[in-house]
Amino acid sequence: MLRDVCEDIAHFSVFHVNGEVTDMAVINDGELSQVSSFPLGKNFIIRALCRDTGVPPMLCQSDLSLLASNKISESEKGAVNAVVEKAKAEWASVFESSLK
């Protein structure tokens with residue numbers, strides 16, 4: 001259990017980013033204090049990349065993996081990174097709203 005792994009930590013958050021949804025749990029003073037989900041997961045980034053670059057979904061997944069491992073070509077890196085940063089900003093905004 002996560003509680004056993006984090007037994008010396010009283011305050012922390014756990015995120016599970018699924019395909020379509022991100023789930024979050026907040027632990028305060030060693031107890032679950034908030035659970036939240038919002039409808040943006042990893043497929044949100046893939047769809048944004050497909051939409052903004054015109055690349056098919058399978059290639060977008062590959063581009064994201066290459067970007068994450070820093071193996072993407074310099075010619076593609078700028079375009080992919082720009083879309084990812086825009087999607088991250090939207091994800092962060094929805095995440096912040098879920099905390100209220």
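The protein chain has four helices and three strands; helices (H or I, at least four residues) and strands (E, at least two) are DSSP runs, numbered from the N terminus. In sequence order the pattern reads α-β-β-β-α-α-α. The radius of gyration is 16 Å, well over the 13 Å that the globule rule gives for 100 residues, so the chain is more spread out than a compact globule. That radius is taken over C-alpha atoms, and the globule rule is 2.2 Å times the number of residues to the power 0.38.

A word on the source. This is a predicted model, in which local features need pLDDT of at least 70 and side-chain atom pairs count only at pLDDT 80 or more, while totals for chains, interfaces and linings use all residues. Residues are numbered from 1 along each chain as its sequence is written, and side-chain values use heavy atoms, with hydrogens and water left out.

Now the overall dimensions. Along its principal axes the C-alpha trace spans about 50 × 25 × 20 Å. The accessible surface comes to about 6700 Å², and 57% of that belongs to carbon and sulfur atoms; these areas come from the Shrake-Rupley method with a 1.4 Å probe, and for residues only the protein chains shown count as cover. Of the 100 residues, 28% count as buried. Buried means under 20% relative accessible area, exposed over 50%, and partly exposed in between (1.4 Å probe, protein chains only).

Next, the strands. S2 (residues 22-28) and S3 run antiparallel and are joined by seven bridges; two strands pair if DSSP finds at least two bridges between them. Asp23 has Ser37 in S3 as its bridge partner. S2 and S3 make a hairpin with two residues between them. In that turn, Asp29 has a positive phi of about 55°, although Asp29 is not a glycine. Most residues other than glycine have a negative phi. Asp29 counts as exposed, at 61% relative accessibility. Asn70, in the loop between H3 and H4, also is not a glycine and has a positive phi of about 60°. Its relative accessible area is 56%, so Asn70 is exposed.

Ser36 sits in strand S3 (residues 31-38). With a relative accessible area of 10%, Ser36 is buried. Leaving aside residues up to four places away in sequence, Ser36 touches Thr22, Asp23, Met24 and Ser98, where contact means heavy atoms within 4.5 Å. For the chain, residues 24 or more positions apart account for 31% of the contacts with a separation of 6 or more.

Last, the aromatic rings. The structure holds five aromatic pairs. Rings of Phe, Tyr and Trp (its six-membered ring) pair if their centres lie within 6.5 Å; planes under 30 degrees apart count as stacked, over 60 as edge-to-face and the rest as tilted. Phe15 and Trp91 form a tilted pair, 6.4 Å centre to centre with 55° between the planes. This pair links distant parts of the chain, with Phe15 in strand S1 (residues 12-17) and Trp91 in helix H4 (residues 74-98), 76 residues apart. Phe15 is partly exposed at a relative accessible area of 38%, and Trp91 is partly exposed at 23%. Which residues make up the aromatic cluster? Phe15, Phe38, Trp91 and Phe95 form one cluster.
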